[in-house]
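Here is a short report on one structure. Take a look at the model before reading on.

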Amino acid sequence: MSSNPAPEGPVLRRSHCHLWLLAAIAFSLAYAVLRYNVLKGVEWEHFPLYIVNKATSLSAVILLASSYLVGRWIKVFEDDPEKRLVLVKFLGLGGFALAALHAVMSLTLLSPDYYPKFFAETKMNLTGEITMLFGVLGLFWMASPALSSLPNMQPALGKRLWLRSQRIGYLALSMTGIHLFAMGFKGWLTPNEWPGGMPPITMVGFAVVVLPLAAKLITKERARPAGD
Ligand code: HEM
């Protein structure tokens with residue numbers, strides 16, 4: 001999520017961070033309602049948990065990916081690293097909180113009636129087990145950069161260990177990518193069945209997750225000496 005200790009005091013207006021949060025939630029909620037309630041005909045009684053859960057998971061992915069893209073591909077506060085750091089931390093911790101909320105919501109919904117593709121009769125099938133495994137692993141590994149972003153963690157861990165714990169976020173993003181691929185891949189291949197031509201949230205989420213991983217690879221490649 002970042003490589004410096006938290007600055008003291010409010011260096012960035014809270015409203016700026018909240019704008020990112022609001023934008024991610026508004027986009028995700030609008031997408032989920034339009035695709036599933038309006039175009040696919042999911043009943044409105046499933047809005048409070050089933051649809052809000054979809055929006056929560058997509059906003060989580062957007063915030064987490066943005067946290068790793070700010071400074072790399074999203075150029076904000078280029079001349080003010082202190083402000084950029086506050087934003088990066090906010091996005092990372094906000095994304096982690098929403099991902100945890102999504103996990104709890106999903107577990108309350110988990111049943112063959114809501115998610116028939118995860119079940120064979122009453123037990124989970126292979127798709128369900130792989131999807132759940134990588135969801136849980138994604139959340140587990142996300143805790144590492146989130147916890148080490150808390151105040152005083154950098155001096156407590158030492159620079160090397162702290163940096164490593166931040167980079168584990170890329171592993172968490174990869175696990176999330178597998179979580180999405182396992183549950184959604186089949187639906188990605190049938191665009192003629194997408195309501196209103198809108199791609200499934202699994203596909204949108206996967207595309208978002210791939211961006212910071214690609215940015216990391218490209219930056220690493222550029223940093224490598226010529227002829228290496
Ligand atoms: C304990 C951990 C997790 C569990 C039990 C879990 C469970 C689920 C379930 C059941 C779905 C299907 C939802 C649906 O189709 O309506 C889902 C979808 C999804 N999950 Fe997770 N998940 C976990 C972790 C994560 C994490 C860490 C992320 C990353 C932020 C994430 C992102 C997503 C996204 C973007 C979707 C697609 C939503 C959709 O297609 O509607 N999940 N997850």
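## Two loop residues

Glutamate 121 sits in the loop between strand 1 (119-120) and strand 2 (123-124). This is a predicted model. The phi of glutamate 121 is positive, about 60°, although the residue is not a glycine. Is glutamate 121 buried or exposed? Glutamate 121 counts as exposed, because it has 7 C-beta neighbours inside 10 Å, and the exposed class takes in residues with 12 or fewer.

Asparagine 152 is found in another loop, the one between helix 4 and helix 5 (153-157). Its phi is also positive, near 70°, in a residue other than glycine. Asparagine 152 has 9 C-beta neighbours inside 10 Å, so it counts as exposed.

## Helix 2 against helix 3

How are two packed helices described? The description uses the angle between their axes and the distance between the axes. Here, helix 2 covers residues 47-69 and helix 3 covers residues 81-109. They pack at an angle of about 155°. Their axes are 7 Å apart. Helix 2 is therefore roughly antiparallel to helix 3, because angles over 145 degrees count as roughly antiparallel.

The crossing of these two helices, helix 2 and helix 3, is left-handed. Which kinds of residue make up the contact of helix 2 with helix 3? It has 12 nonpolar residues and 12 polar ones. No charged residue takes part in this contact.

## The largest nonpolar core

The largest nonpolar core has 39 residues. Those with the most contacts inside it are Leu58, Val61, Ile62, Leu63, Ala65, Met142 and Val209. Which helices each supply at least two residues of this core? They are helix 1 (14-39), helix 2, helix 3, helix 4 (126-148), helix 6 (159-188) and helix 7 (201-223).

Alanine 65 is one of the core residues with the most contacts. What does alanine 65 touch, leaving aside residues up to four places away in sequence? Its partners are Val208, Val209, Leu211 and Pro212. Val209 is itself on the list of core residues with the most contacts.

## A leucine in helix 7

Leucine 217 belongs to helix 7. Is leucine 217 buried or exposed? Leucine 217 is exposed, because 11 other C-beta atoms lie within 10 Å.

Methods
Residues numbered from 1 in each chain as written. Predicted model: local features only at pLDDT ≥ 70, side-chain atom pairs only at ≥ 80, totals over all residues. Axes fitted to C-alpha atoms, helices over the stretch in contact; angles between N-to-C directions. Helix = DSSP H or I, 4+ residues; strand = E, 2+ residues; numbered from the N terminus. Parallel < 35°, antiparallel > 145°, perpendicular 65-115°, else oblique. Left-handed = near helix turned anticlockwise from the far one by under 90°. Nonpolar A, V, L, I, M, F, W, Y, C, P; charged D, E, K, R; others polar. Core = buried A, V, L, I, M, F, W, Y, C linked by C-beta atoms within 7 Å. Buried ≥ 20, exposed ≤ 12 C-beta atoms within 10 Å, placed from the backbone. Contact = placed C-beta atoms within 7 Å.
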